[in-house]
Amino acid sequence: MEQLEGKVAVVTGGGSGIGQGIVGACVEAGMRVVVADIDLDGAERVASAARESGVDALAVQVDVSDRTAMDALAERAYEEFGEVNLLCCNAGVIVETSIVDSTDADWEWLFRVNVMGAVHGAQAFVPRMREQAGEAHIVNTSSMAGLTVPPVNVAVYAASKHAVVALTDRLRHEVAADGIGVSVLCPGGVASRLFEGHRHAPADLAGKITPALRTAGRGRMSPALVGRRVLDAVQAGRFWVITHPRERERVDERYEEILADFAWALEQA
């Protein structure tokens, strides 16, 4: 999708962090935007800034873990703009704990948001994208933790992000015949509010999720730069959106080990 001006983008988790950066890049490209976030105040703030820049923007409160809410988001976007050309399923949460010390609530919360948010995005938007005349592209936010073994205790998060990579890779094959592009965003460290997501934890899991140890990331890549790289990748038709190329060494180490064990298995055959 080379031409972006005038096209319509929907960004979940758009009220802060990477989502806000993606929205900003869309605004710079002249796109109309739907800023979706569980934090309506944040979504309104970002949408208001977009309108001040001269583009049409709509703020919508949405819990991506709720399929009905995602269907309503799609309905609202299509009612407002008639089509959706770029869907960025970006909303995400994290906990920092070892596997042994993690709670069932940790796993449920992260998979509800990080994984099912992307699933619900596909379920709600792909049928509509198949019917529209305009181009369409989907970007799901994973993480470098979805490609490697993280050096810190974020195994629950990493497991969810590995799942996002797998489902996105399959999705691109399912919608290729429809002409819908698909990408997976795998950023490294970004200055965001990822570790502050506990403030929106669901009531049924409140008090059961491992407390946050960190706050906003500092000294890391800006969300604005991530957003621009996302749109560059969309325009170039790239599946993998890599923002931190220096992380390649950890990816190489992992796949070299896999290939070495394939070689070993062949020797045993």
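The second largest pocket is lined by 14 residues. Nearest its centre lie His137, Ile180, Gly181, Val182 and Gly237. A pocket here is an open set of points on a 1 Å grid over the protein atoms alone, where a 1.4 Å probe fits, with protein on both sides within 12 Å along at least five of seven lines; lining residues have an atom within 4 Å of a point. The model is predicted; local features need pLDDT of at least 70, side-chain atom pairs count only at pLDDT 80 or more, and totals for linings use all residues. Residues are numbered from 1 along each chain, and side-chain values use heavy atoms, without hydrogens and water.

The volume of the second largest pocket is about 180 Å³, taken as the space filled by probe spheres set on the points. Strand E5 (136-141) and strand E6 (180-186) each give at least two lining residues. E6 supplies the largest share, four residues. Strands are DSSP runs (E, at least two residues), as are helices (H or I, at least four). By class, the lining holds six nonpolar, five polar and three charged residues. Asp, Glu, Lys and Arg count as charged, and Gly is among the polar ones.
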